[in-house]
Amino acid sequence: MPHTRPVSQDQHPLRIVARAMCCSVGHRAEAAIAAIRARINHFRETEFVAHDGQPIIGAHLYEVNTWGEDRICLMLHSVITECLESVPELPTDQIGLMVMTTSVAHHGVPSQRLAEELQSFTEGQVAGFEPFFPESMLCSYGKGGIARALGEVDQWMDQPNSPKHVLLIGIDSLLHAAAIEQYLSQGRLVTGYNADGFIPAEGAAALLLTRKQQADTPALWIDAWASEEEMWRIDGDYPLRAEALAHAVRKAISLAGTELAALQFHASGMNGESWYAKEVSLTLSRIIERRVANFSHHMIAQFTGETGAASPALTLAWLASAMGWTTSPPGNSALVHFADEKGPRSALVVRYRASNAPVTRTLAGG
């Protein structure tokens with residue numbers, strides 16, 4: 001069944017006005033994007049130890065000596081500051097704040113501290129910041145919940161006296177004892193005895209979203225999104241059939257009025273685990289309407305590591321720049337999809353275009 005409200009034709013495309021990134025390959029977007037383009041990672045030995053006694057490889061923020069909850073808040077402040085630098089003319093009291101992270105029950109993200117920080121931003125109690133829109137949202141939706149978050153941004157903008165700009169922030173860290181212990185016990189981390197795993201990492205990204213157009217200004221638009229709940233679980237008996245991701249992709253391309261084969265590439269939160277690769281392969285083989293010469297797949301986890309709930313925002317922040325490159329862009333239209341081992345699946349259709357270009361809302365099939 002759907003993970004959020006039923007997806008309908010009344011979705012409004014959302015434009016990414018500005019973006020910010022803070023991760024292991026760069027503490028600001030330009031640095032991180034340049035590193036990803038150069039195919040650079042910052043994978044290093046950590047203080048955590050695997051069952052064979054060898055250090056676990058991770059992707060820390062480099063040269064940052066703040067730890068614990070303060071480290072999460074440092075990333076939060078970093079991406080908010082960078083994003084606002086791009087729009088100095090926009091009053092902060094017209095910007096709503098939404099932070100997407102992972103539930104405390106999942107691996108211990110300090111949601112109470114994040115909630116307190118959000119309250120400080122909305123009330124203007126953070127040095128150097130004017131008050132933001134008086135309401136804010138903290139959503140523990142995980143990596144697969146980005147479509148649900150976008151749906152709530154869309155609904156928020158529909159309300160009377162609502163903000164017309166929303167700063168959507170994804171933030172997470174898998175580099176603390178609770179997460180490492182959990183994933184190590186599940187055999188999901190890359191170690192000397194396990195190649196079928198991921199590199200644990202940390203990061204944050206911010207996306208300033210609006211429905212407003214800006215004449216003749218190219219930007220990345222999120223034209224459609226859809227979400228479904230997968231029944232399969234890593235530790236369960238239900239077989240992996242990629243049913244939920246396939247349904248979400250079909251809904252998203254239908255709402256965007258396109259076909260999968262008409263898009264130029266796809267990007268995902270795939271992180272090196274074989275179940276994730278199998279799910280993506282099954283989904284695309286079912287849905288793509290015809291053979292295409294090239295449908296490349298981009299995964300920034302190859303460079304940033306697995307950043308959990310921050311992964312969708314980091315991916316979209318990267319695409320907002322990469323799809324506008326004058327030389328060798330990945331393409332100007334894409335399917336973007338994410339999966340969470342807890343069940344949520346998200347699919348988005350994004351296009352890079354001038355903001356005054358018409359948006360097709362005609363459904364492509366049933």
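**Exercise 1. What volume does the second largest pocket have, and which residues line it?**

Let's work through this predicted model together.

Step 1. Start with the volume: the second largest pocket comes to about 200 Å³.

Step 2. Now look at the lining, which is made up of 13 residues. Nearest the centre you will find Ile36, Arg37, Arg39, His298 and Trp318.

Step 3. Next, ask which elements supply the lining. Helices α1 (29-37) and α9 (301-304) are the elements that each give two or more residues to it.

Step 4. Finally, sort the lining by class: eight residues are nonpolar, three are polar and two are charged.

**Exercise 2. Is Thr304 buried or exposed, and which residues does Thr304 touch?**

Step 1. Find Thr304 in helix α9, one of the elements that line the second largest pocket.

Step 2. Check the accessibility. Thr304 has a relative value of 1%, and buried means under 20%, so Thr304 counts as buried.

Step 3. List the contacts. Leaving aside residues up to four places away in sequence, Thr304 touches Cys23, Ser24, Val25, Ile36, Phe43, Ala59 and Ala201.

**Exercise 3. In what order do the strands of the open sheet stand, and why is one side of β5 and of β10 left without a neighbour?**

Step 1. Trace the 10 strands across the open sheet: β5-β4-β6-β7-β1-β8-β12-β11-β9-β10, with mixed pairing.

Step 2. Look at the two edges. Strands β5 (136-139) and β10 (296-298) each have a single partner strand, so one side of each has no neighbour in the sheet. From one strand to the next, the twist averages 25°.

Step 3. Strand β9 (residues 265-268) runs parallel to β10, and three bridges join them; Phe265 has Ser296 of β10 as its bridge partner.

Step 4. Helix α8 (residues 274-287) touches β9, β10, β11 (333-339) and β12 (344-354), and its direction makes about 135° with that of β11.

Step 5. Pick out Lys278 in α8. With 45% relative accessibility, Lys278 is partly exposed.

**Exercise 4. Which residues does Ala18 touch, and how many Å separate the C-alpha atoms of Ala18 and His42?**

Step 1. Locate Ala18 in strand β1 (residues 14-23). Its relative accessible area is 4%, and Ala18 is buried.

Step 2. Gather the contacts, not counting residues up to four places away in sequence: Cys83, Ser86, Ala206, Leu207 and Leu208.

Step 3. Turn to His42, which is 24 residues from Ala18 along the chain; 25 Å separate their C-alpha atoms.

Methods. Residues are numbered from 1 along each chain as its sequence is written. This is a predicted model: local features need pLDDT of at least 70, side-chain atom pairs count only at pLDDT 80 or more; totals for chains, interfaces and linings use all residues. Side-chain values use heavy atoms; hydrogens and water are left out. Two strands pair if DSSP finds at least two bridges between them. Helices (H or I, at least four residues) and strands (E, at least two) are DSSP runs, numbered from the N terminus. Axes are lines fitted to C-alpha atoms, for helices over the stretch in contact, and angles run from 0 to 180 degrees between N-to-C directions. Contact means heavy atoms within 4.5 Å. On a 1 Å grid over the protein atoms alone, a cavity is a set of points where a 1.4 Å probe fits but cannot get out, and a pocket is an open set with protein on both sides within 12 Å along at least five of seven lines; lining residues have an atom within 4 Å of a point. Grid points are joined across faces, edges and corners, and a volume is the space filled by probe spheres set on the points. Ala, Val, Leu, Ile, Met, Phe, Trp, Tyr, Cys and Pro count as nonpolar, Asp, Glu, Lys and Arg as charged, and the others, Gly among them, as polar. Buried means under 20% relative accessible area, exposed over 50%, partly exposed in between (1.4 Å probe, protein chains only).
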